[in-house]
Amino acid sequence: MNITATKPVAIIGGGPAGLTAAAFLRRHRVPFILYEAGSKMAGLAASFHDTDGFSYDFGAHFINNRLAAAVGIGSRCRDVLYYGESVLVRGKTYGYPFGLLREPRYLLGGIASRIMPQSRERANHSAGAWFRASYGRTLADEVAIPLLEAWSGAAAEDLAASVGNKLQNTIAKTLFLKAASSFTGRAVGCGYSHTFPENPHVWHVYPEGGIGLLCQKLAEGIEDSIRLESPVDGILVENNRAVAVRSHGKEQAVSAVLSTAPCHILARMVQGTDAVKPFAQLRYRPMVFVNLRLEGRGLLKDTVVWTPEQHFTFFRLTETPLSMPWLAPEGKTLITADIGCEKSDEIWNMDDDELGDRCIQEMSEIIPDVRRRYLGCRVLRTPIAYPVYLNAYETVRLQLERSTGIAGLYSIGRNGEFSHALMEDVYWRTQNKVRTLMMQHPELC
Ligand SMILES: Cc1cc2nc3c(=O)[nH]c(=O)nc-3n(C[C@H](O)[C@H](O)[C@H](O)COP(=O)(O)OP(=O)(O)OC[C@H]3O[C@@H](n4cnc5c(N)ncnc54)[C@H](O)[C@@H]3O)c2cc1C
């Protein structure tokens with residue numbers, strides 16, 4: 001290949017997807033320029049540390065040994081020995097999923113839904129119908145649907161049934177993976193990966209220094225082609241083909257574009273065609289993460305406790321040191337409260353201390369002496385956390401799943417694909433898309 005004669009591929013975004021694409025192109029000696037809007041790489045896979053010895057991961061907390069090995073950081077990761085989830089309903093904590101199934105009212109509802117053909121026929125109509133058909137009315141109405149609505153900010157009847165697709169594991173498979181976890185003494189992944197099957201040999205690990213190590217490793221050796229603080233605000237299309245990108249008012253001719261930008265923003269960036277305009281309607285849910293520093297350890301029953309009842313502002317609490325003890329100093333812990341919100345609402349705009357105070361107030365129902373233990377909080381906000389699968393634009397989402405409709409423009413990564421993918425899936429799916437790009441544009445190689 002003649003590198004100098006080939007126009008570079010533009011990669012938009014320096015999170016796990018953009019860096020995976022960049023590392024892959026470098027391995028195949030395809031020239032590229034990676035544009036990152038921020039001053040640092042890693043996107044939602046960033047880690048922070050404070051002077052009191054607490055570590056915070058922005059969005060992602062867990063990766064697995066299969067991803068770590070593929071990226072080349074396997075030897076720099078510690079095994080996670082335990083991971084568990086519970087659900088708090090009516091003051092009682094149920095292990096997820098089997099504790100819930102031991103509750104007669106949930107079990108009977110689940111059995112009834114299996115033997116009533118009408119509910120299965122309706123399952124494709126909406127996420128609400130899907131959960132009632134799959135879990136039974138009681139469990140759906142008391143647990144799954146309130147969580148879904150708090151998380152997405154939309155009514156379950158307005159959400160597409162495809163929301164349920166990411167909850168793919170059967171009960172038998174879940175039971176098998178949980179048993180493997182107990183037997184091996186490692187946190188075997190369950191419901192984390194979809195590209196490749198989960199099995200007892202795939203467990204959660206944590207990189208030294210934080211999740212951010214993954215992106216550091218991917219960026220090694222490609223620094224010469226990375227431009228930080230370089231937001232791309234235009235993708236120029238001619239004859240339905242992406243031909244250039246614009247950043248800081250400067251145009252760069254390119255052979256193709258791999259964009260990890262959120263789809264509604266991609267729709268605004270593309271100039272010279274209306275092909276991606278429908279993507280402008282796709283919505284993402286903003287999130288506020290309130291990281292509460294506390295005295296003590298093991299304050300929650302499990303690493304993750306789901307709180308579907310509406311009197312809680314948060315829908316999920318995560319005590320990461322239960323799985324990764326090194327994230328907080330000895331004798332202390334960190335609990336993250338996840339709150340879904342909109343950028344115009346009270347929560348998004350609330351002062352950090354006030355947010356911390358509100359969470360502590362509500363958590364006293366779960367940890368009675370939580371106020372005495374409270375040492376302060378650190379709040380992280382992201383305007384784009386979860387894609388919202390509204391029925392109203394399900395056909396547009398499916399269209400995006402197939403392609404952007406523009407030659408040489410590939411939308412990749414979690415926000416680019418408008419998917420709920422976690423990092424291992426982002427990694428393999430991005431590699432597959434870059435492979436497709438190279439097959440469709442043999443002149444690059
Ligand atoms: C709350 C939460 C918890 C999660 N937990 C886990 C977990 O435990 N384990 C796991 O594996 N995954 C987890 N994930 C998913 C994980 O964070 C994502 O899969 C991963 O970050 C996706 O990588 P990405 O590169 O697609 O996007 P991002 O990480 O969002 O990175 C995108 C990058 O693109 C840049 N960018 C965007 N637009 C432009 C532009 N126009 N010009 C230039 N740069 C631009 C952004 O600044 C950003 O740096 C979680 C996600 C969330 C929201």
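The model is predicted, so local features need pLDDT of at least 70 and side-chain atom pairs count only at pLDDT 80 or more, while totals for chains, interfaces and linings use all residues. Residues are numbered from 1 along each chain as its sequence is written, and side-chain values use heavy atoms, with hydrogens and water left out.

**The shell around the ligand**

- The ligand is surrounded by 33 residues, where a residue is near a molecule if one of its heavy atoms lies within 4 Å of it.
- The closest of these residues are E36, L44, F62, Y192 and M423.
- By type, the shell divides into 21 nonpolar, 10 polar and 2 charged residues. Here Ala, Val, Leu, Ile, Met, Phe, Trp, Tyr, Cys and Pro count as nonpolar, Asp, Glu, Lys and Arg as charged, and the others, Gly among them, as polar.
- At least two shell residues each come from helix 1 (16-27), strand 20 (374-388), helix 15 (413-416) and helix 16 (423-440). Helices (H or I, at least four residues) and strands (E, at least two) are DSSP runs, numbered from the N terminus.
- Helix 15 gives the largest share of the shell, 3 residues.

**Backbone atoms beside the ligand**

- A backbone N or O atom of F62 lies 2.7 Å from a nitrogen atom of the ligand.
- For A37, a backbone N or O atom is 3.0 Å from a ligand nitrogen atom.

- The domain assignment, automatic or from a database, gives domain 1 (3-44 + 213-280 + 391-444) and domain 2 (85-166).
- Their C-alpha centres lie 36 Å apart.
- In domain 1, 4 residues are in contact with 9 residues of domain 2, contact meaning heavy atoms within 4.5 Å.
- About 460 Å² is buried between domain 1 and domain 2, and carbon and sulfur atoms give 46% of this. Buried area is the accessible area (1.4 Å probe) that two parts lose on being put together, summed over both.
- N391, E394 and H420 supply 91% of the area that domain 1 buries against domain 2, more than any other three residues.

**Backbone details**

- The peptide bond from Y96 to P97 is cis, with omega near 0°.
- P97 sits in the loop between strand 8 (92-95) and helix 3 (98-101).
- R90 is not a glycine, yet has a positive phi of about 50°.
- R90 is placed in the loop between strand 7 (85-89) and strand 8.

Methods:
A polar contact is a pair of N or O atoms within 3.5 Å; within protein, one must be able to donate a hydrogen and the other to accept it, and residues adjacent in sequence count only if both atoms are side-chain atoms.
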